[in-house]
Amino acid sequence: MRIVIAGGHGQIALRLERLLAARGNAVAGIIRKAEQADDLRAVGAEPVVLDLESASVEEAAERLRGADAAVFAAGAGPGSGTARKETVDKGAAVLFADAAVRAGVRRFLVVSSYGADAGHQGSEVFDVYLRAKGEADAYVRGLDGLDWTIVRPGSLTDDRGSGLVRLEAHTGRGAIPRDDVAAVLAELLDTPATAGLTLELIGGSTPVSVAVKSVAGN
């Protein structure tokens, strides 16, 4: 498959790119800064420079044409303020989804967040983040042109992945290594029967492949 990943220099995205490339897929990662390109090449991904905060839908669609799947893994990051939660965590996600529809790329994965909720209350930065993520998720779910799957990981860690997870509609709070998030995303891309699902993800006791097959109904 050819897979295009928004937020291609992110910590989850780099792990996912390495996994997908190792499986023989053609992987492109969208990045904001040209100086990030070598990091993508090092994991086997093609760097594509495009700022999703300022790009048009058509510009993003051009980068997506010919792809078999797209993954939105971009984020404003923990050091950003409320404005960039709106422009990246929501705005860029909406634009990337619209671009996928325009480019005819149906399979679409979203890396969201545990607790994402368009109706979340509060004015602190993290409140705005959860609301922005929830609004983006709701927008994606409303697009008939996408076979979407939304993944909402718990607290992210840099621990070595165990390959054991809990992947369900509702898991409760918990932590999850970024390695294991990437492994789940790679498996979901190979499992189109998970389209239409919003899934929470934390560490658990079920091997990744079994967890994905279970939610797919297999």
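Q: Which residue of strand 5 does A69 stand opposite?
A: A69 stands opposite R107 in strand 5. This is a predicted model, in which local features need pLDDT of at least 70, side-chain atom pairs count only at pLDDT 80 or more, and totals for chains, interfaces and linings use all residues. Residues are numbered from 1 along each chain as its sequence is written, and side-chain values use heavy atoms, with hydrogens and water left out.

Q: How many bridges join strand 4 to strand 5?
A: Four bridges join them, and the two strands run parallel. Strands (E, at least two residues) and helices (H or I, at least four) are DSSP runs numbered from the N terminus, and two strands pair if DSSP finds at least two bridges between them. Between strand 4 and strand 5 the chain passes through helix 4 (residues 82-103), in a right-handed β-α-β crossover. Right-handed here means that, with the strands pointing away from the viewer, the path from the first strand over the helix to the second runs clockwise.

Q: And which residue of strand 4 is the bridge partner of I3?
A: The partner of I3 is A69. Strand 1 (residues 2-6) and strand 4 run parallel and are joined by four bridges.

Q: Are the faces of strand 4 covered or exposed?
A: Both faces are covered: A69 and V71 on one side, and A70 and F72 on the other, are all buried. Buried means under 20% relative accessible area, exposed over 50%, and partly exposed in between (1.4 Å probe, protein chains only).

Q: Changing topic, how many salt bridges are there in the whole structure?
A: A search finds 17. A salt bridge is a side-chain nitrogen of Lys or Arg within 4 Å of a carboxyl oxygen of Asp or Glu.

Q: Which residue forms a salt bridge with D158?
A: R15 does, with the closest N and O atoms 3.6 Å apart. D158 lies in the loop between strand 7 (155-157) and strand 8 (164-168) and R15 in helix 1 (residues 11-22), so the pair ties together parts 143 residues apart in sequence. D158 counts as exposed at 52% relative accessibility, while R15 counts as partly exposed at 24%. R15 and D158 are also linked with R178 and D179 in a network of salt bridges.

Q: What about D89 and K133, buried or exposed?
A: Both are buried. Their side chains meet in a salt bridge (3.8 Å, N to O). This pair links distant parts of the chain, with D89 in helix 4 and K133 in helix 5 (residues 125-141), 44 residues apart.
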